[in-house]
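Please look over the sequence and the fold shown here before reading on. The paragraphs below are meant to be followed with the structure open.

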Amino acid sequence: MADGKRGEDSAVALKTSPSVPMARGLRGGSNPLEEWTGRVKAIEAGFRAWMAKQPIQIEAAVATAVGAVQGGALGGLMGSLTPDGGSPFPMPQPPPNANPEAMASFKQAQALAGGPLVQARNFAVMTGANAGISCVMRRIRGQEDIQGSMAAAFGSGALFSIVSGVGTPNPAVNAITTGVAFAVFQGGFFMIGQKFSKPSSEDTYYSRTRSMLHKLGLEKYEKNFKRGLLNDQTLPLLTDSALRDVKIPPGPRLLILDQIKRDPELVGGK
């Protein structure tokens with residue numbers, strides 16, 4: 001009788017107790033959010049590795065498409081924030097037989113206060129062109145510098161002017177002036193960013209390492225290199241285990257080792 005009652009009590013306890021995996025999770029098992037984030041980062045790293053091996057035209061096309069999608073989504077969201085899906089102010093109609101200057105002003109107002117579709121188109125052209133040109137300039141020049149940044153800004157500004165129709169009645173002149181304005185602003189922001197992110201004298205041994213990580217989009221792992229005392233002098237000696245010891249995930253490790261193999265200048269070669 002005692003054995004039978006003990007068995008019933010055990011069965012009831014099993015039914016009311018949480019499952020073993022759940023109990024393990026409550027006791028400090030793996031965090032699902034961290035696992036999901038790690039998978040996303042691994043996919044992103046794999047995508048970067050695939051992109052780095054593609055011809056320049058493929059990489060530029062993909063970068064342009066991704067930038068256009070992101071810009072289009074942002075523009076559509078901005079255009080839909082107002083109650084009527086467009087400008088918060090009523091859009092006046094152009095007067096009959098208006099002169100070219102008046103029509104140009106009307107087009108400019110339309111471009112800056114259009115609805116979701118108009119804003120999505122404008123932002124998609126602007127961000128897509130900027131991403132594509134930046135990709136090409138980075139491949140050609142081997143780094144991301146102010147010249148490449150200004151060239152991308154000029155191209156995106158010129159295309160934005162042509163598509164949106166803002167400015168003077170002469171589309172060619174307006175495209176050039178808008179592109180120049182975009183380039184000047186972008187160059188100024190780039191120089192300000194460089195000034196504030198200028199490395200201190202104690203970081204001189206990380207110049208090539210920093211450049212490599214920036215080129216791969218892995219800047220956040222510079223602190224891992226510093227914690228492990230991995231600097232420019234140790235680049236030729238880097239192994240997968242050394243990168244793993246400083247807690248760099250598998251995807252970024254593959255990108256770093258592949259970049260060192262493909263770029264002799266990183267290890268002091270010619």
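The model is a predicted one, and its secondary structure amounts to 12 helices and zero strands. Read along the sequence, the pattern is accordingly written α-α-α-α-α-α-α-α-α-α-α-α. Of the 270 residues in the protein, 31% are buried. When the contacts between residues at least 6 apart in sequence are considered, 61% of them join residues at least 24 apart.

Helix α3, which covers residues 32–52, packs with helix α4, which covers residues 56–79, at an angle of about 140°, and the axes of the two helices are 9 Å apart. The arrangement of α3 relative to α4 is therefore oblique, since the class of roughly antiparallel is kept for angles over 145 degrees. On the α3 side the contact is made by Phe47, Trp50 and Met51, and on the α4 side these residues meet Ile58, Glu59, Val62 and Ala63. Sorted by class, the contact of α3 with α4 has six nonpolar residues, no polar residues and one charged residue.

Helix α4 also contains Ala61, and at 45% relative accessibility Ala61 counts as partly exposed. The C-alpha atom of Ala61 is separated by 6.6 Å from that of Gly132, although the two residues are 71 residues apart along the chain.

The charged side chains come next. Side chains of opposite charge can pair when their charged atoms come close. A search of the whole structure finds six salt bridges. One of the pairs is formed by Glu222 and Arg210, with the closest N and O atoms 3.1 Å apart. This pair links distant parts of the chain, with Glu222 in helix α10 (residues 222–227) and Arg210 in helix α9 (residues 207–216), 12 residues apart. Glu222 has a relative accessibility of 15% and so counts as buried, the limit for that class being under 20%. Arg210 and Glu222 also belong, together with Lys226, to a network of salt bridges.

A further salt bridge joins the side chains of Arg253 and Asp240, at 2.9 Å from N to O. Here too distant parts of the chain are linked, with Arg253 in helix α12 (residues 250–262) and Asp240 in helix α11 (residues 240–245), 13 residues apart.

An α-helix has 3.6 residues a turn, so residues three or four places apart point the same way. Asp258 counts as partly exposed at 23% relative accessibility, and Arg262 is partly exposed as well, with a relative accessible area of 44%.

Helix α12 can also be checked for its length and its surroundings. The buried residues of α12 are Gly251, Pro252, Arg253, Leu255, Ile256, Leu257, Gln259 and Ile260. Which helices do the buried residues of α12 pack against? Their packing partners are α3, α9, α10 and α11.

Two loop residues remain to be inspected for their backbone. Most residues other than glycine have a negative phi. Leu229, however, has a positive phi of about 55° although it is not a glycine, and Leu229 lies in the loop between α10 and α11. With a relative accessible area of 64%, Leu229 is exposed. Lys247 likewise has a positive phi, near 65°, in a residue other than glycine. The place of Lys247 is the loop between α11 and α12, and at a relative accessible area of 69% Lys247 is exposed.

Methods:
Residues are numbered from 1 along each chain as its sequence is written. This is a predicted model: local features need pLDDT of at least 70, side-chain atom pairs count only at pLDDT 80 or more; totals for chains, interfaces and linings use all residues. Side-chain values use heavy atoms; hydrogens and water are left out. Axes are lines fitted to C-alpha atoms, for helices over the stretch in contact, and angles run from 0 to 180 degrees between N-to-C directions. Helices (H or I, at least four residues) and strands (E, at least two) are DSSP runs, numbered from the N terminus. Angles under 35 degrees count as roughly parallel, over 145 as roughly antiparallel, 65 to 115 as roughly perpendicular and the rest as oblique. Contact means heavy atoms within 4.5 Å. Ala, Val, Leu, Ile, Met, Phe, Trp, Tyr, Cys and Pro count as nonpolar, Asp, Glu, Lys and Arg as charged, and the others, Gly among them, as polar. A salt bridge is a side-chain nitrogen of Lys or Arg within 4 Å of a carboxyl oxygen of Asp or Glu. Buried means under 20% relative accessible area, exposed over 50%, partly exposed in between (1.4 Å probe, protein chains only).
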